[in-house]
Amino acid sequence: MSILTRYTLSVGLLLLLAAGSVTLLSLHTQDHDLRTEALRRGHTIAKNLASDSVDAFISHDVLTLIPLAVDTAKNNSGVLYAAVVDSNGKILAHSDNTQIGKAFSLENPQALDEDPDTMQSRLGEQWVWDVSAPIVPKEKNVQLGLVHIGISREAVDQAVQKSLKRLLLASLILLLVGVAASVLMVRVLVQPIRVLSDAARRIGHGELDVQVPVHSKDELGQLSDTFNSMIGNLKQAEKVKLEKERIQGELNVAHSIQAGLLPSAPPKFANIDVAFVCSPAKELGGDFFDWFALEGGTKLGLVIADVSGKGVPAALHMANLRNMMRFISPQSSHPAEILKKVNALAWPDLKGDSFVTVGYAIFDMKSKELIYASAGHEPSLWQKHKDGSLSECRAKGMPVGIAEPEDFDTVIQETRFTLEPGDSFIMFTDGITEAMNSQEKQFGREGMAEALKASRGGAEAMVKAVVNAVKKHADGFEQSDDITLLLLKTV
Amino acid sequence: MSNLEINHSRDGATNAMVIKPNGNLDIFTYQNFRQYLQDLLGTGSESKVVVDLADTAYIASSGWAVLLSQSRMLRRSGGKMVLCNMKDEIRGVYEVMNVETLLPCSAGLDGVKKIFEEA
């Protein structure tokens, strides 16, 4: 049921009740007043006739009494009859001559509640109130007879009927006007709600340019105002969401660009087997690795790096460093010299706010000699084929970007050793050794050593063995750092 | 997600500002840590700063970047930052980075006086 129907029905019902009560009350009051007035008049007429009749009654002068009764009935409107009755109840005089000499009687007389001396009775088709007055001579308290006056009730009934019609008409008009006014009022009240509801529906369909007019400062006006600011907030939220989606989209593009900066396949050279893995913890990682064929393909440069921090800044530094390495690496077969040049170039960009740890190895494919330099990078590992033993390859050096070239250059050193056939050289980032499980226990170099010792097969299988061991250790715990591993195995 | 609480106090013996992070300095906390150091040291009024790592189990590269960059700023204004109470796990990384000349480390709080006097 709509508000309009409900409200109109309620108002109609209330008005009906009110008008009904007013009508009943006023009819009752009018009926009572008119009756009282009619009876009082009847009493006065009766008293007058009684007092006029005293002398004639005493002298039994019927000829005087009859005209008195007739005149009384004729001269007073609403008086149906007037009679003079003796103490025996015999009619001495009557406005209707035929009644003279008969005993005075009434048809089914009933005393009135408000006036017990008055009887209500029927006279033919009419209701009549019989008002009586005693005939008492002056100065003698003796009742000689009675005077009866018949007052017609019709006049009162007609007046009440007339009033009832008028009141019913007034009630009907009141009801119609009231209902029409309530319909009009509800429409005026409901109109802004309809506008709001329509606007809400449009917003539901994604239209955010809707504005609700504010016409007043009342509750509905405030609601409209609140509604408008809600639309504003929704618009803002939508804008933020779109902006977020745009940024996310750009990050996804950046991620594929970054993935494209890394080698897609390991180098293919005789007598060596190289494999790698690189998975960023976020969309954009700070890890990077690369390989270069140097000196006409007789030497292989392998670089691994970890930029401090994550996300876009780390990715930008990573891209910058990758390009530097690509350009600088052909300039020297000494990894420390290359890292010095990289630091000299990167230092002005990084200035200690961010840094990069870099491990750089140059492997001579003929002599199997490996020269390694580290710019503060996680020590690499050398696994000997003959006994399966693992040794750390440490080389002194500070991370790129934290020290000016004069400091950096004095610290950095190289280490060199020769790989036997079947030996492996493993470079990785701390994302592997520092991979944590839910108890915050790190995978560690021990975990790494175990995984390597247990692994069999080529470079690819060994890399997979380490990655699986890290996954098993983390046991679903989200990795917070990028994981990169580069493995060279001599055949 | 790690939580990091940081406190600071004045060391009576050296008059150094001792900053004590309680928690890991990692990808989630390094921005708080940097802001804390910037607020405390940004005015340039402190010349001797000790970072007490007794309650720190792990420092990620982003944490090291904050320490190294703040230490460099202090050095440029004639001050010095010293680390102390470093746990073995952190010491491993610290040693690999070879940054003792830029960011010296003392075993305990007692040793920092000597390091400040060296400068």
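Arg153(A) is buried, because its relative accessible area of 17% falls under the 20% cut-off. This is a predicted model. Arg153(A) forms a salt bridge with Asp157(A), and the closest N and O atoms are 2.9 Å apart. Asp157(A) is partly exposed, with a relative accessible area of 28%. Over all chains, a search of the whole structure finds 18 salt bridges.

Glu337(A) bridges to Lys340(A), with the closest N and O atoms 3.2 Å apart. Both residues lie in helix H6 (residues 335-350) of chain A. They are 3 residues apart, about one turn of the helix. An α-helix has 3.6 residues a turn, so residues three or four places apart point the same way. Glu337(A) is partly exposed at 35% relative accessible area. Lys340(A) also counts as partly exposed, at 22% relative accessibility.

A further salt bridge joins Glu369(A) to Arg416(A), with the closest N and O atoms 3.4 Å apart. This pair links distant parts of the chain. Glu369(A) belongs to strand E11 (residues 369-375) and Arg416(A) to strand E14 (residues 414-418) of chain A, 47 residues apart. Glu369(A) is partly exposed, with a relative accessible area of 24%. Arg416(A) is partly exposed too, at 44%. Elsewhere, salt bridges that share partners join Glu378(A), Glu392(A), Arg394(A) and Arg445(A) into one network.

Now turn to helix H2 (residues 62-75) of chain A. Which residues of H2(A) are buried? They are Leu65(A), Ile66(A), Ala69(A), Thr72(A) and Ala73(A). These cover an arc of only 135° around the axis, so they lie on the same side of H2(A). Their cover includes H1, strand E1 (79-86), strand E2 (91-94) and strand E6 (145-152) of chain A. The face turned away from the buried side carries the exposed residues Leu63(A), Lys74(A) and Asn75(A).

The surface has a nonpolar patch. Ile3(A), Tyr7(A), Met185(A), Leu189(A) and Ile193(A) form it, with about 440 Å² of accessible area together. Helix H1 (3-58) and helix H3 (154-204) of chain A each give two or more residues. H3(A) supplies the largest share, 3 residues. Ile193(A), found in helix H3, counts as partly exposed at 38% relative accessibility.

Glu404(A) is found between strand E13 (390-393) and helix H7 (405-411) of chain A. Glu404(A) is partly exposed, at 36% relative accessibility. Beyond residues up to four places away in sequence, Glu404(A) touches Asn343(A), Trp347(A) and Arg72(B).

Methods:
Residues are numbered from 1 along each chain as its sequence is written. Chains are lettered from A and ligands numbered from 1 in the order in which they are written. This is a predicted model: local features need pLDDT of at least 70, side-chain atom pairs count only at pLDDT 80 or more; totals for chains, interfaces and linings use all residues. Side-chain values use heavy atoms; hydrogens and water are left out. Patches are made of residues with over 30% relative accessible area and no salt bridge: like charges are joined within 9 Å, nonpolar side chains (Val, Leu, Ile, Met, Phe, Trp, Tyr) within 5 Å. Accessible areas come from the Shrake-Rupley method with a 1.4 Å probe; for residues, only the protein chains shown count as cover. A salt bridge is a side-chain nitrogen of Lys or Arg within 4 Å of a carboxyl oxygen of Asp or Glu. Helices (H or I, at least four residues) and strands (E, at least two) are DSSP runs, numbered from the N terminus. Buried means under 20% relative accessible area, exposed over 50%, partly exposed in between (1.4 Å probe, protein chains only). The arc is that of the directions from the helix axis to the C-beta atoms. Contact means heavy atoms within 4.5 Å.
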